[in-house]
Amino acid sequence: MNESNFMPLHLTESELRAIQLKGLQWTVSHAYNNSPFYRERLDRAGVKPEDIKELDDIRRLPFTTAEDLQEGYPFPLRSVPFENIVRVHASSGTTGKRKILCYTQKDIDDWANMFARCYQMAGVSKRDRIQIAVGYGLWTAGVGFQAGCERFGAMAVPVGPANAEIHCQMLVDLQTTVFCATASMALLMAEEIHRRGIKDKIALRKIIFGAERHSARMRQRIQELTGAEHLFDIPGMTELYGPGTGLECIAHQGIHFWADYYILEILHPETLEPVAPGEVGEMVVTTLRKEASPLIRYRTRDLSRLIPEPCPCGNPFPRHDHILGRSDDMFIFRAVNIYPGQIDHVLSQISGIGSEYQIHLYHREDGRDVMVLKVERAPESSPEKDPILKDTIAQAIRRHILVRADVEVLDYGTLPRTDRKSKRVFDHRNGNSQPGV
Ligand SMILES: [Zn+2]
């Protein structure tokens, strides 16, 4: 059987850099010549397209933010005539006005090619049957999963986020091998498969998760209940085409990203200078081929880090870590920059606790800052073990994040159930005793 190839497996670092420089020069020139917004921004920064002579010149370019997209509503960053736009998608964003992004036919094709590369990365073949449980429409990008599947040549089963009944029926009757969903939908389905006792009747091998942060514990549970061999995290942001701009690999050590389509910078969220390789910072992206709504140094506010070492899987594309949080959530405690995602990561490796937690910061009268970490005891654990649990958690925090935390263990179900956008950090240090404000 002929498998199409979407992955330049022998790409060298110098070839990649050449592609990036050419793409960067094209993007700046295209944006300057066709978007009044970008022309004004670049003029103000004193940069002309011909000034981009090497990759490092990216640092001369001005930043673009979510606020720019909101202010440019309804067609922000538009850099092609309307007759060349074939589709729009919108992102609701975490705050404020929606952001609408335009696509030319070439943008749609590029997106499908990137997505086909993701399926290839996941080891999918044309014989695979891909059940898509992601929504289709203005806000969501089921259509990206679908177009990539068709481009790749596997069989798409476009169910959307329908009810569990239809999903289970398709899983059993069509013997679906790959399931694409948000992390919470995947967990819901895993529990449904377990409840109905159909694990032995389905053929699910791989699950691709999009759009949400998820804990190691959640992944483990999904894998146990469904029997899937591999779970892959897929990053995706509407501003940058949508899902499919990279994928976790079969070695499960980070996310390879398609650096021939965009440049990823990891910058300190306050100084906006590059952090050291491997350190956590804000993801800032610049597209290399995007026509309708190109991005120049777009501040995503998502936190991650580059993984500088070559991957054991042998794939030539660079890697970034999972999304570790939002830069707005970063806090400084005793001169250490801390992100909730780091705490999340430490807690997810300790057994005997639930997945909910809160971080409270106080300023003591003696002038010292204290951190109180509230976690829940797992439902099956006994309160007698609380002192040992406290100790284990405090030690792990000290070892991995290099700060001291006072740990409080609460009964299971005490903390409010939250979604990924909810606040976990409550800073009371400025005399502000109102948690959540
Ligand atoms: Zn890899």
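1. Two strands pair if DSSP finds at least two bridges between them. Helices (H or I, at least four residues) and strands (E, at least two) are DSSP runs, numbered from the N terminus. In strand 6, Phe209 is the bridge partner of Ala181. Strand 5 (residues 178–182) and strand 6 (residues 206–210) run parallel and are joined by five bridges.

2. This is a predicted model: local features need pLDDT of at least 70, side-chain atom pairs count only at pLDDT 80 or more, and totals for chains, interfaces and linings use all residues. Residues are numbered from 1 along each chain as its sequence is written.

3. The overall picture comes next. The protein chain has 10 helices and 23 strands. Along the principal axes, the C-alpha atoms fill a box of roughly 65 × 60 × 40 Å.

4. Of the 437 residues, 39% count as buried, meaning that 20 or more other C-beta atoms, placed from the backbone, lie within 10 Å of the residue's own.

5. Axes are lines fitted to C-alpha atoms, for helices over the stretch in contact; angles run from 0 to 180 degrees between N-to-C directions.

6. An open sheet of four strands has antiparallel pairing and the order 10-11-16-15. Its edges are strand 10 (246–248) and strand 15 (306–307). Strand 11 (residues 255–257) pairs with strand 16 (residues 319–320) over two bridges, in the antiparallel sense. His320 in strand 16 is the bridge partner of Ile255.

7. Helix 6 (residues 164–173) packs on helix 7 (residues 183–196) at about 70°, with the axes 11 Å apart. That makes the two helices roughly perpendicular (65 to 115 degrees). Ala164, His167 and Cys168 in helix 6 meet Met189, Glu192, Ile193 and Arg196 in helix 7. Contact here means C-beta atoms, placed from the backbone, within 7 Å.

Terms used:
Buried ≥ 20, exposed ≤ 12 C-beta atoms within 10 Å, placed from the backbone. Parallel < 35°, antiparallel > 145°, perpendicular 65-115°, else oblique. Contact = placed C-beta atoms within 7 Å.
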